[in-house]
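Colleague: Could you take me through this model, starting with the terms you use?

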There are 2 protein chains.
Amino acid sequence: MVRRAIEVKVESTLDNCCPVTTQMMSEDEAREVALIFDALSDPVRLRIFSIIAAQKDTCSCHLEAPVDKSQPTVSHHTRILARAGLITGEKRGRWTYWQVVPGRLDLVANLLRSEAPRAKR
Amino acid sequence: MVRRAIEVKVESTLDNCCPVTTQMMSEDEAREVALIFDALSDPVRLRIFSIIAAQKDTCSCHLEAPVDKSQPTVSHHTRILARAGLITGEKRGRWTYWQVVPGRLDLVANLLRSEAPRAKR
DNA sequence: CATACTGATTGACGAATATCAATGTTAGGG
DNA sequence: CCCTAACATTGATATTCGTCAATCAGTATG
């Protein structure tokens, strides 16, 4: 039984940047934040994410039926969610299991907060 | 000096729906939430929003230069942000002033929270 | 009114995206 | 080994999206 983590490059400089409501975002910052929102901007992707988030471990093969999409389509969407750092995949045997990346969603939520009580690190 | 509010239809059933992390989203719910994230999924739109959010009142004519886009493009983006219920426009004389819709962003942030301590109403 | 100005709308165009059939790849199971 | 199952990748297609030039609609000012 081989376990191989799926690499996700999260070049996040998001941990120490301001909420979107205090001052104008830089071009770079906007690009990075937009990538995350973009991952959540598709209904099918949102539903896939909510399935993964509602469980500990979700096999890819259990995603196709609920959203009624083909296997390549589901694979496409999980890739985008992973690229945004929202989920991580782990290959166990023939199956790939997905989990949400803890804290990533809260980080996004904090970006949206009106006041700025962000926990440092 | 005529004051005319710009109508924004916010057919939100979002106030009493679960975070995206507790159970699978319905198709309808996903469609509505995706609309909001979609509004925030473009770098230019994010920067426009951050400018508006950082001030009380922002004239449309003060948006073009910072993001370096044409007037129709800026108008296009403000329309999408308004459609998502994130900003409201008010026409005063020749100028249109934009403000963030208070609470709307927090509502979105709450959708992303892992736990679900949502203030009722 | 005539002119200038703000900004919304329309039309066009290139780029990006969602989708799936077909194919490739890797991992068991016989 | 060969076959099958799970998933990724590729290629193709239809649709959506971001952008701007051109135009239109409303408003102030002389």
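Modeller: A polar contact is a pair of N or O atoms within 3.5 Å; within protein, one must be able to donate a hydrogen and the other to accept it, and residues adjacent in sequence count only if both atoms are side-chain atoms. This is a predicted model, in which local features need pLDDT of at least 70, side-chain atom pairs count only at pLDDT 80 or more, and totals for chains, interfaces and linings use all residues. Residues are numbered from 1 along each chain as its sequence is written, chains are lettered from A and ligands numbered from 1 in the order in which they are written, and side-chain values use heavy atoms, with hydrogens and water left out.

Colleague: Which helix gives the most to the surface near DNA strand C?

Modeller: A residue is near a strand if one of its heavy atoms lies within 4 Å of it. Helices (H or I, at least four residues) and strands (E, at least two) are DSSP runs, numbered from the N terminus. Helix 2 (43–53) and helix 4 of chain A, and helix 4 and strand 4 (95–100) of chain B, each supply at least two residues of this surface. With five residues, the one that gives the most is helix 4 of chain A.

Colleague: What percentage of the atoms of DNA strand D within 4 Å of the protein belongs to sugar and phosphate?

Modeller: There are 22 residues around DNA strand D, and A:Gln71, A:Ser75, A:Thr96, B:Thr73 and B:His77 come nearest. Among the atoms of DNA strand D that come within 4 Å of the protein, the sugar and phosphate share is 67%.

Colleague: Which polar side-chain atom lies 3.5 Å from a phosphate oxygen of DNA strand D?

Modeller: An N or O atom in the side chain of A:Ser75 is 2.6 Å from a phosphate oxygen of DNA strand D. For B:Thr73, a polar side-chain atom lies 2.8 Å from such an oxygen. The atom at 3.5 Å belongs to B:His76.

Colleague: How many of the eleven residues in helix 2 of chain B are buried?

Modeller: Buried means under 20% relative accessible area, exposed over 50%, partly exposed in between (1.4 Å probe, protein chains only). At the N-terminal end, B:Asp42 caps this helix, with a side-chain oxygen 3.0 Å from the backbone nitrogen of B:Val44. The buried residues include B:Leu46, B:Ile48, B:Phe49 and B:Ile52. The helix is mostly covered, and the number buried is ten.

Colleague: Which residues touch the most other members of the largest nonpolar core?

Modeller: A nonpolar core is a set of buried Ala, Val, Leu, Ile, Met, Phe, Trp, Tyr and Cys residues joined through side-chain atoms within 4.5 Å. Contact means heavy atoms within 4.5 Å, and beyond four places in sequence B:Leu86 is in contact with residues including B:Ile36, B:Phe49, B:Leu81 and B:Leu105. Of the 61 residues in the largest core, those touching the most other members are A:Leu86 and B:Leu86.

Colleague: How many disulfides does the structure hold?

Modeller: A disulfide is a pair of cysteine sulfur atoms within 2.5 Å. A:Cys59 is buried at a relative accessible area of 5%, and B:Cys59 is buried at 4%. Over all chains, the number of disulfides is zero.
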